[in-house]
Amino acid sequence: MKTVTFILLSVLIGLAVAEEPEAPLAEECNKELCKLPKCRCSSTDIPGELAPRDTPQFITLTFDDGVNIRNIETYREILYQRTNKNNCPASATFFVNHEYTDYQLVNELYNQGFEIALHSISHQTPQSYWTEATYENMMKEFGDQKRQMSHFANIPSDAIQGIRIPFLQMTGNASFQVMAATGLRYDSTWPTTSFTDPGLWPYTLDYASTQDCIVPPCPTASVPGVWVLPMISWRDLNGFPCSMVDACVFVPPHHDEEAWFKFILTNFERHYLGNRAPFGFYIHEWYISAYPGVKRALVRFLDLVNSLNDAFMVSAGEVIDWVENPVPVNEYVKKECKSFVSTSCRRTSCGPLTSTHTEMSYWMQICNICPRVYPWLENPLGE
Ligand SMILES: *[C@@H]1O[C@H](CO)[C@@H](O)[C@H](O)[C@H]1NC(C)=O
Ligand SMILES: [Zn+2]
């Protein structure tokens, strides 16, 4: 009888570990209790109570979706070998999903100093899959993707810090609880159209967020220590908000480089001449390779940023680093550049690999020994 009880108990405890953690409802934020570096209330206040002119203006350029032999050409052309005015390498962040991603190229991006972040294993449709996603679903999409990315691209697991959910579809508490359980640091899925001028600075989810919820469900539980990097909307030419640049509706003609450059600057100035909340340039590569005028305008904008004394093109993770320990721009420029552990890639081409979720077979370019089957949900390493 005792053994039976013991086994039952062990099974129950085993289940509890895999299950969704407790989620206390978040309380109104208390600035006295919630202090940097670990905690920050959702607010448009500049961290460290700095004046705008003493605040570094960060630019976070991000690209979503798979990395492949086509889009890497754009990345090499417009991003590599850029330097900020403090003589540190300029960075950008890639939110990468698994399917059709060339992991050798992810390794290249990482070793060029760019940040690799997560965008799910399946990136599946319909969008309602994400709306309804449970803790368990999100663990398989993101918790497992962290291991998968580190394994196939051969990059350190702790270099992978951020997530963006497909279609910017929030999943309530679930994604944030998975982040807390798997050591992921920040989310960059959550758009704001109410806090654009002044802009909402990154904050933690220890306490209740005051951010507008554009794509519900948004989290209401307290998830200590997990950061939100709000996607502060741009405004298109008619004043309508857009979270991704390629989703803006009323934009200048795509061939008109000059008008696009002005369009970008107008949005940038809302931040730079305002409370200097990080300026997000969120886009998919196809948009700039399809429209050379837009690409030239972006390059001009990045050249401009790289020439300013108080603006810095950095990874999203570097923004969180600064928010945790805010220093005035004159101190920031004296700091050592962010270092990273470089890795090598033992290049392997694998396939055809049978898959469990479709009839198709796949080829993979990776930095490791080949998986047995095509990696997918529930089997992220393809064992
Ligand atoms: C998030 O957690 C809070 C607190 O437990 C709960 O009240 C709320 O319903 C949860 N939200 C979702 C979408 O599950
Ligand atoms: Zn996507």
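**Close-up views of a predicted model**

**View 1. Two helices, α2 and α9, cross each other.** In this predicted model, the axes of α2 and helix α9 (residues 292-307) come within 10 Å and cross at roughly 40 degrees. If you're new to this, two packed helices are described by the angle between their axes and the distance between the axes. On the α2 side, look for T74, E77, I78 and L79; they meet K295, L298, V299 and L302 of α9. Sorted by class, this contact has five nonpolar residues, one polar residue and two charged ones.

**View 2. E77 and K295 make a salt bridge.** Zoom in on E77 and K295, where the closest N and O atoms are 3.2 Å apart. E77 belongs to helix α2 and K295 to helix α9, so this pair ties together parts that sit 218 residues apart in sequence. Are the two partners buried or exposed? E77 is exposed, because its relative accessible area is 53% and the cut-off for exposed is over 50%. K295, at 17% relative accessibility, counts as buried, since buried means under 20%.

View 3. E257 lies in helix α7 (residues 257-272) and R296 in helix α9, so the bridge links parts that are 39 residues apart in sequence. E257 is partly exposed, at 21% relative accessibility. R296 counts as partly exposed too, with 43%. Elsewhere, salt bridges with shared partners join R185, D321, E324 and K338 into one network.

View 4. Which residue does D45 pair with? Its partner is K31, and the closest N and O atoms of the two are 2.8 Å apart. Both D45 and K31 lie in the loop between α1 (2-18) and β1, so the pair ties together parts 14 residues apart in sequence. D45 is partly exposed, with a relative accessible area of 38%. You can find S43 in the loop between α1 and β1 as well. S43 counts as buried, at 12% relative accessibility. Leaving aside residues up to four places away in sequence, S43 touches L200 and W201.

**View 5. Three residues hold the zinc ion (ligand 2).** Which protein residues are its donors? They are D65, through OD, plus H119 and H123, each through NE2, and they lie 2.1 to 2.2 Å from the zinc ion. Along the sequence, the spacing of these donor residues is D-x53-H-x3-H. D65 is partly exposed, with a relative accessible area of 24%.

**View 6. Helix α10 is mostly covered.** How many of the nine residues of α10 (residues 316-324) are buried? Eight of them are: A316, G317, E318, V319, I320, W322, V323 and E324. What do these buried residues pack against? Their neighbours are the strands β1, β2 (93-96), β3, β5 (186-187) and β8 (223-228), along with helix α11 (329-332).

Terms used:
Residues numbered from 1 in each chain as written. Chains lettered and ligands numbered in written order. Predicted model: local features only at pLDDT ≥ 70, side-chain atom pairs only at ≥ 80, totals over all residues. Heavy atoms only, no water. Donors = N, O, S within 2.8 Å, 3.2 Å for Na, K, Ca; no water. Buried < 20%, exposed > 50% of the residue type's maximum accessible area, 1.4 Å probe, protein only. Helix = DSSP H or I, 4+ residues; strand = E, 2+ residues; numbered from the N terminus. Contact = heavy atoms within 4.5 Å. Axes fitted to C-alpha atoms, helices over the stretch in contact; angles between N-to-C directions. Nonpolar A, V, L, I, M, F, W, Y, C, P; charged D, E, K, R; others polar. Salt bridge = Lys/Arg side-chain N within 4 Å of Asp/Glu carboxyl O.
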